[in-house]
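Welcome, and thanks for taking a look at this one with us. Here is a short tour, arranged by topic, to read alongside the viewer.

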Amino acid sequence: MSLILFAFVVRVRDGLPLSASTDFEHNRELQERKQQLRTTSKALARFPDKGTIKGRELNIYFVSSEGVSYMTVCHCSLPVAKAFCFLEDLRWEFTASFKSTVVALAARPYPFLEFDGTIQKLKQHYNQNGGPALEVTLAEVQEDLRLHPPQVINWEEVELTNGTANGHMEQSPGSGQNGRLQQVTAAGILSLVLNIVCASLNIIRGVHLIEYTFQCHLYLFHSSRKKPKSFTLLSAIVLCNFYLLGLRNPWQLIFHVSVASLSTFLILTRKLQDRTNDCGV
């Protein structure tokens, strides 16, 4: 079984993909990790030079050096030291093949596809032999990891780092990739209509009008810290309706709170959909 499944070389400043391995495995988690890896590549400038994102069976590891990041998807049974040793070997091979000025001037995705052959050979060596040829290299990496352990990065942290308020993920020039919220469902349309009804019923009460309008905004557009915003807004709507207990009958209060609860549920369950452009890789 292959333990190193995918490797990716990317420019740190803008996430431009430079080269990648060609994989022939199509299991679902691998495709998920590859998409996460590409999304992470757009936020590398905000993360440390060495990091790990853990998954169920597959982990992501990356090392950044001199404006280039070397990333890989590996099976969780692969020792961490061997994963980073692979990345160090990959870094050495890449820097020996391409000058930093050439990398800095690259303007289109995957300008160094010829490096794919080198990645494939390195992957094959590690998967067949279980590690580098020189044990001293592995020992050095283990010592470096002991002194400077990689930061374990939470995937939600990556999503929030990349999220913007216009319903898209951040998009780097020339990357050819973007992320967009999933399509509005029938329940979502119903929720929007009910929010409009509630807003119209509260048009003379400015606070209530703003609350329902903001719920529509949270559903339609991606926002960082969506969960705390949604629960704060729901709590405000419940408290405001409780304040109106003497002015509205119970059925009116139940209606308004139910609409707010449905909207909150739909806001929290509407995720970003994957849209990738692998450029044939």
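Contact here means heavy atoms within 4.5 Å. On that basis, residues 24 or more positions apart account for 69% of the contacts in the protein chain with a separation of 6 or more. Please keep in mind that this is a predicted model.

**The chain as a whole**

- The protein chain holds ten helices and eight strands.
- Of its 281 residues, 45% count as buried.

**How H2 and H4 pack**

- Two packed helices are described by the angle between their axes and the distance between the axes.
- For helix H2 (residues 80-97) and helix H4 (residues 116-129), the axes come within 11 Å and cross at roughly 150°.
- Angles over 145 degrees count as roughly antiparallel, and H2 and H4 are therefore roughly antiparallel to each other.
- The crossing of H2 and H4 is right-handed.
- On the H2 side, the residues that meet H4 are Lys82, Cys85, Phe86, Asp89, Leu90 and Glu93. Their partners in H4 are Thr118, Ile119, Leu122, Lys123 and Tyr126.
- Sorted by class, this contact of H2 with H4 has six nonpolar, one polar and four charged residues.

- Serine 64 sits in strand S4, which spans residues 58-65.
- Serine 64 counts as buried because its relative accessibility is 12%, and buried means under 20%.
- Its side chain makes a polar contact with the side chain of serine 69, at 3.0 Å.
- If you set aside neighbours within four places in sequence, serine 64 is in contact with Val12, Leu44, Asp49 and Ser69.

**Two residues with positive phi**

- Glutamate 66 is not a glycine, yet its phi is positive, near 55°. You will find glutamate 66 in the loop between S4 and strand S5 (68-75).
- Is glutamate 66 buried or exposed? With 67% relative accessibility, glutamate 66 counts as exposed.
- Tyrosine 110 also has a positive phi, about 55°, although it is not a glycine. Tyrosine 110 lies in the loop between helix H3 (100-105) and H4.
- Tyrosine 110 has 2% relative accessibility, so tyrosine 110 counts as buried.

Note on methods
Residues numbered from 1 in each chain as written. Predicted model: local features only at pLDDT ≥ 70, side-chain atom pairs only at ≥ 80, totals over all residues. Heavy atoms only, no water. Axes fitted to C-alpha atoms, helices over the stretch in contact; angles between N-to-C directions. Helix = DSSP H or I, 4+ residues; strand = E, 2+ residues; numbered from the N terminus. Parallel < 35°, antiparallel > 145°, perpendicular 65-115°, else oblique. Left-handed = near helix turned anticlockwise from the far one by under 90°. Nonpolar A, V, L, I, M, F, W, Y, C, P; charged D, E, K, R; others polar. Buried < 20%, exposed > 50% of the residue type's maximum accessible area, 1.4 Å probe, protein only. Polar contact = N/O pair within 3.5 Å; in protein donor to acceptor, adjacent residues only side chain to side chain.
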